[in-house]
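Have the model open beside you as you read.

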Amino acid sequence: MWGCGALLGARARSRLRCELFLAWDRGWSAAAPYSASAEPSRVRALVYGHHGDPAKVVELKNLELAAVGGSDVHVKMLAAPINPSDINMIQGNYGLLPKLPAVGGNEGVGQVVAVGGSVTGVKPGDWVIPASAGLGTWQTEAVFSEEALISIPSDLPLQSAATLSVNPCTAYRMLMDFEQLQPGDCVIQNASNSGVGQAVIQIAAALGLRTVNVVRDRPDLQKLTDRLKSLGAEHVLTEEELRKHEMKNFFKDMPPPRLALNCVGGKSSTELLRHLAPGGTMVTYGGMAKQPVIASVSQLIFKDLKLRGFWLSQWKKDHSPEPEPVHHPSPPGGLAAQSVTPPPHAETEEAHGVIQVKGRKVVASVACFRPEK
């Protein structure tokens, strides 16, 4: 499944209680949710007609549900998160932008309600997630083409299923594609409490890799440290601790990292590079600091460090999908026995069609959830 098949065998047993999530849906690339049908059905969706501040450009609208054609699938959304990429897409500064007007949301899980006569890979009752970004998951229901969906086990916890298609897949591909890591090797990452960061911790632990996890300092640092270690993190350090001279002694007790995963940029990424083993690779998949990655000439020449980038959407474009729908691929290295716990989330409350999260209006309509920072 788009590079995350190894995770589908894992029955992620969430440590979070699953409250009511009615979410949204996809639609815009593979389906035509705005087209009329003989017996139109109304759905609620969060739509934006132009790019800008999500709080200003996103509107809650009633749309007509498209008729189900031969290769179409009618899906009722069960849950959908608010991912940073969703916000970037609405703002217009993401690498992939759907045709406007568009329904927001790149992730989510839905249940199949009905299928067209040519559909063979899914049936009513199955759970499905988007095969690609930009599908528009912030709807109550929608009609998509079969090729736009991937079938997943219906016994996954709802939060795990709704967040499966982006963060865990990104974590898995970065751990597998850039360095030939062996059990006992070390990986260092920043933004370790992000959705991808927490997935990296869990998958790395399942693969026998050691991790150094960097986070920003905060009043509840010990609470965060305990939570990340409960997921499998070996070491949790602050950005300030990573800059200290004493870190030279730290890596005497464990191998220097061969792989660094950067989601921040700026000084944070420079520190990751400073601790990489000779010949190691730093993969950048985000830029939360909105600052450039700076590498010294000496690091590139004398340590032969490699700088790479990763974007899951591009990975999907570069790898052809399997001809048959993917269900339960056999995961490597006993990963099936492991759980991938989704990040803690803040439940949202609906108020006049606009969701309030942490006292701030956020894009949403039907019940959804947003991962905590």
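## A covered helix

The buried residues of α10 are G266, S268, S269, E271, L272, L273 and H275, where buried means under 20% relative accessible area, exposed over 50% and partly exposed in between (1.4 Å probe, protein chains only). Helix α10 spans residues 266-275 and is mostly covered, with seven of its ten residues buried. Helices (H or I, at least four residues) and strands (E, at least two) are DSSP runs, numbered from the N terminus.

A word on the basis: this is a predicted model, in which local features need pLDDT of at least 70 and side-chain atom pairs count only at pLDDT 80 or more, while totals for chains, interfaces and linings use all residues. Residues are numbered from 1 along each chain as its sequence is written, and side-chain values use heavy atoms, with hydrogens and water left out.

## Helix α5 against α6

Helix α5 (residues 167-177) packs on helix α6 (residues 195-206) at an angle of about 55°, their axes being 8 Å apart. Axes are lines fitted to C-alpha atoms, for helices over the stretch in contact, and angles run from 0 to 180 degrees between N-to-C directions. The pair α5 and α6 is therefore oblique; angles under 35 degrees count as roughly parallel, over 145 as roughly antiparallel, 65 to 115 as roughly perpendicular and the rest as oblique.

On the α5 side, the contact (heavy atoms within 4.5 Å) is made by N167, P168, T170, A171, Y172, M174 and L175, and on the α6 side by G195, V196, A199, V200, I203 and A204. By class, this contact of α5 with α6 has ten nonpolar, three polar and no charged residues. Here Ala, Val, Leu, Ile, Met, Phe, Trp, Tyr, Cys and Pro count as nonpolar, Asp, Glu, Lys and Arg as charged, and the others, Gly among them, as polar.

## Helix α6 against α7

Helix α6 also packs with helix α7 (residues 221-231), at an angle of about 40° and with axes 8 Å apart. Q198, I201 and Q202 of α6 meet R227, L228 and L231 of α7. Those residues divide into three nonpolar, two polar and one charged.

## Around H235

H235 is found in strand β11 (residues 235-238) and is partly exposed, with a relative accessible area of 24%. Leaving aside neighbours within four places in sequence, H235 is in contact with T211, V212, N213, F250 and M254. The C-alpha atoms of H235 and I188 are separated by 9.5 Å, although the two residues lie 47 residues apart along the chain.
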